[in-house]
Amino acid sequence: MTDTANRPRAGSRTRAGSRARSRAGSRVRSLARARAGAGALAYPLRLYRRFSTPVAAADFERPPDHGLVPESFEVETSDRVVIRGWAFTPAAPWGVVILTHARSASKSRVLRQARLLYGHGLAVVTFDFRGCGESDASHRPGGNTLRAPLRDLDAVARYARRRYGNDPLLASRTALMGCSFGGNMAIAHAGTAGRHYPAVILDSTPLVRWQDMLRGLLRTERRASRSPRLRAAADGAVIRAVVLRTGAGALYRQAVRSARGLHGTKLMYIVGERDTFFDVDEGCRFLDLYYAGPREIWRVRRGRHLTNHLVDEGAYGERIVAFLRSAFPEAEPSESRTTTSQEPSCQPPSPPAPPAT
């Protein structure tokens, strides 16, 4: 005789299985929501790390890769940070360019531009901002804000004066050229450093408020998010945190003060037509509103952020050299004075009028 007293009923087994499947499904849904939340926060957190503190990016190219022999140097800033750089000096330079790199990059990232300038007879001084490449980072509170690298540029500018200042021609022919964030440093330094620079060149430089730039980058990335409300909240928190941590507002205000004082400095603003990193038109409006001196806007066809020199390296170098020759004082009679067109605003030139009928 079969014992059925303790055997579970079929209905009980069905209900237990249903509850187990329900719990498993709930765990799967919870895991999916957690993964979606983590995915929604991943890009904002990466952007926060990217902008809040510089990354010690190593030199991935070396001067010999471009046929250059560097004169290595190191200087100490006013807050006792050691900055290391390279100087490239041709046999008879007719000018000096202090060349600055983008944020979280290194001096190796501007070696192509350095080679172009050097090939045209210009001495080039480039270096690593604090916390990047071979330069030390500051360990003091506030020592790595966005304004802090201005101390690095100031120390390197003093080195350039010592290195080339004995030549009266070179002493009056020192220009600044900055790429992306390096251009923010150049324009904020030029009008507040207590010395005159005849020329400033900005390539791919976001002359915009950082909160606006970050908002645009995050908005573009958020379009594909599965959790738009969570992403919008995370994006807002990241923007506030970056601006607060880096002192971005103070740097922008210093750039405005500096630009208003640059009456005798010619400026070239190089922007790519396909640059989506920041609002190029807003950068141009900054110059229209605040820049006191003569300026030239060069919109590079097919140019993108930090790649304008790769579109046509030959034309890139020639146009910059022509601009510097027009800006530098006391040109030698033997030197060609090729001039470039000056655009009073950021608007593209008007098309030619149709022929009269």
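The legends below describe several close-up views of a predicted model.

Residues are numbered from 1 along each chain as its sequence is written, and side-chain values use heavy atoms, with hydrogens and water left out. Because the model is predicted, local features need pLDDT of at least 70 and side-chain atom pairs count only at pLDDT 80 or more, while totals for chains, interfaces and linings use all residues.

**View 1. The protein chain holds 11 helices and eight strands.** Helices (H or I, at least four residues) and strands (E, at least two) are DSSP runs, numbered from the N terminus. Of the 357 residues of the chain, 49% count as buried, where buried means under 20% relative accessible area, exposed means over 50%, and partly exposed lies in between (1.4 Å probe, protein chains only). Among contacts in the chain with a separation of 6 or more, 78% come from residues 24 or more positions apart, a contact being heavy atoms within 4.5 Å.

**View 2. Eight strands make up an open sheet of mixed pairing.** The strands follow the order β1-β2-β4-β3-β5-β6-β7-β8, and two strands pair if DSSP finds at least two bridges between them. At the edges stand β1 (71–76) and β8 (295–300), each with a single partner strand, so one side of each is left without a neighbour in the sheet. From one strand to the next the twist averages 20°. Two helices lie across parts of this sheet: α2 (residues 111–119) lies across β2, β3 (96–100), β4 and β5 and runs at about 40° to β2, whereas α3 (residues 149–164) lies across β1, β2, β3, β4 and β5 and runs at about 125° to β1. For such values, axes are lines fitted to C-alpha atoms, for helices over the stretch in contact, and angles run from 0 to 180 degrees between N-to-C directions.

**View 3. Strand β4 pairs with β2 in the antiparallel sense and with β3 in the parallel sense.** Strand β2 (residues 82–88) and strand β4 (residues 123–127) are joined over four bridges, and Trp86 stands opposite Thr126 in β4. The pairing of β3 with β4 also runs over four bridges, with Val96 opposite Ala123 in β4. In a regular strand the side chains alternate between the two faces of the sheet. In β3, Val96, Ile98 and Thr100 point one way, while Val97 and Leu99 point the other way, and all are buried. Strand β3 is thus described as mostly covered, with five of its five residues buried.

**View 4. Ser180 lies in the loop between β5 (174–179) and α5 (181–190).** This residue is buried, with a relative accessible area of 7%, and the phi of Ser180 is near 55°, a positive value in a residue other than glycine. Leaving aside neighbours within four places in sequence, Ser180 is in contact with Ala102, Asp203, Ser204, Thr205, Pro206, His305 and Leu306. Arg302, in the loop between β8 and α10 (308–311), has a phi near 65°, a positive value in a residue other than glycine. Arg302 is partly exposed, with a relative accessible area of 47%.

**View 5. Helices α5 and α8 (residues 248–260) pack at an angle of about 50°.** Two packed helices are described by the angle between their axes and the distance between the axes. Here the axes are 7 Å apart, and the two helices are therefore oblique to each other; angles under 35 degrees count as roughly parallel, over 145 as roughly antiparallel, 65 to 115 as roughly perpendicular and the rest as oblique. The residues Phe181, Met185, Ile187, Ala188, His189 and Ala190 of α5 meet Leu251, Gln254, Ala255, Ser258 and Ala259 of α8. By class, this contact has eight nonpolar, three polar and no charged residues, where Ala, Val, Leu, Ile, Met, Phe, Trp, Tyr, Cys and Pro count as nonpolar, Asp, Glu, Lys and Arg as charged, and the others, Gly among them, as polar.

**View 6. The axes of helices α6 (residues 210–222) and α7 (residues 228–246) cross at roughly 155° and come within 10 Å.** Helices α6 and α7 are therefore roughly antiparallel to each other. On the α6 side, Gln211, Leu214, Arg215, Leu218, Glu221 and Arg222 meet Pro228, Arg231, Ala232, Asp235, Val238, Ile239, Val242 and Val243 in α7. The residues of this contact divide into eight nonpolar, one polar and five charged.
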